[in-house]
Amino acid sequence: MPNNIKEPLFPFVSDELIADVIQGDALDALKKMERSKFDLIITSPPYNIGKSYEVKTSIEAYLKTQQEIIGELIRVLSDRGSICWQVGNYVNKGEVFPLDIYYYSIFKNLGLKLRNRIIWHFGHGLHASKRFSGRYETILWFTKSDDYIFNLDSVRIPSKYPGKRHFKGPNKGKLSGNPLGKNPSDIWEVVVRDWEEGLWDIPNVKSNHPEKTGHPCQYPIELVERCVLALTDEGSWVLDPFAGVGSTIIGALKNKRNAVGIDKEKEYCAISRSRIEKLREGQLKIRPIGKPIHKPSGREKVAKTPEEWRQLKLTGLE
Ligand SMILES: C[S@@+](CC[C@H](N)C(=O)[O-])C[C@H]1O[C@@H](n2cnc3c(N)ncnc32)[C@H](O)[C@@H]1O
């Protein structure tokens, strides 16, 4: 489905699609699953390092556990399947540990091939004072083989200059673009938490936003959807081994894929189940994929220099 198609805010989901939420430890649950079932495994793993005193050892210990889980994930991944591993930085006492750098060699050593290191760029976040503020995380997209599912047409985005033509060569004068739009590239601009940005038609939705749950690090459904649409087919199976409140499951079901999510926390699994139920009933409001990101016009009150700061400028205190 190209992004320029208008989508309903409250999508409906067929009863035939399966959504399974498993409460338990990822490794234990994975060991019971059949091999080669999933065309896509997408997740944002926990960053539970730094709990122990020694940082270096704790990263190693953390990665060792993760490596065991990744081994099982590869077993349950289909031959044409993909793994999308969404991570940011782990920061300890001001020192930054980019987790994708640590993870890359684990996947590579287990025989997977990297197809893209996607930069997920977002406009909002914490303001750092002793380094530049972080405004991106990454998604490592690996495949199990060279013959992998990739439906580029499903995720094309509107081209900036659709009327552009070849200006030389044998195709001179012919249109150079694709009528379905352009390749979205490996830099994705997806809002982190749109309820915090007030992007919706209803003003001041903020914390009342239906996509918001009690989970501290939920990722946007839209991020999942692009991977689901490009890397699986309708009816495929999608897995999230650290499913949190089920954003992956929602993104898969909404696009006619079956999904399984595992999380060790009972509370998060309950939220997942309730979100799935709402989705099935057509009551879960979801930001439509590809909806343009809000850009302030400059006329909004918050986009103007406040009076107090203007005064500072005048008195030379700035
Ligand atoms: C970064 S969050 C994922 C959030 C998810 N992407 C969402 O949008 O809701 C990581 C999740 O992994 C779960 N988790 C951590 N260790 C686990 C384990 N060994 N087995 C299963 N789940 C685990 C945590 O409870 C947490 O919800």
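Here are some questions and answers about the predicted model shown above.

Residues are numbered from 1 along each chain as its sequence is written. Because the model is predicted, local features need pLDDT of at least 70 and side-chain atom pairs count only at pLDDT 80 or more, while totals for chains, interfaces and linings use all residues.

Q: How many helices and strands does the protein chain have?
A: Let's start with the inventory, where helices (H or I, at least four residues) and strands (E, at least two) are DSSP runs numbered from the N terminus. On that basis the protein chain has eight helices and ten strands.

Q: Which strands are joined to β10 by bridges, and do they run parallel or antiparallel?
A: Five bridges join β1 (residues 19-23) to β10, with Ala-19 opposite Ala-259. Four bridges join β9 (residues 237-240) to β10, and here Trp-237 stands opposite Asn-258.

Q: What is the handedness of the β-α-β crossover from β9 to β10?
A: The chain leaves β9, passes through helix α6 (residues 247-254) and reaches β10. A crossover is right-handed if, with the strands pointing away from the viewer, the path from the first strand over the helix to the second runs clockwise. This one is right-handed.

Q: How many residues of strand β10 are buried?
A: A residue is buried if 20 or more other C-beta atoms, placed from the backbone, lie within 10 Å of its own, exposed if 12 or fewer, and partly exposed in between. One side of β10 holds Asn-258, Val-260 and Ile-262, the other Ala-259, Gly-261 and Asp-263, and both faces are covered. For the strand (residues 258-263), the count is six of six.

Q: Why is α5 largely enclosed by the rest of the structure?
A: What covers the buried residues of α5 includes β2, β3, β6, β8, β9 and α6. Among its buried residues are Glu-222, Glu-225 and Arg-226. Helix α5 is largely enclosed because its buried residues number eleven of eleven.

Q: Is Val-191 buried or partly exposed?
A: This residue lies in the loop between β8 and α4 (194-197). Val-191 has 19 other C-beta atoms within 10 Å, so it is partly exposed.

Q: Which residues are the closest to the ligand?
A: The shell around the ligand has eight nonpolar, five polar and four charged residues. In total, 17 residues surround the ligand, and the closest are Ala-26, Pro-46, Phe-242, Gly-244 and Ser-247.

How values were computed: Near = placed C-beta within 6 Å. Nonpolar A, V, L, I, M, F, W, Y, C, P; charged D, E, K, R; others polar. Pairing = 2+ DSSP bridges. Contact = placed C-beta atoms within 7 Å.
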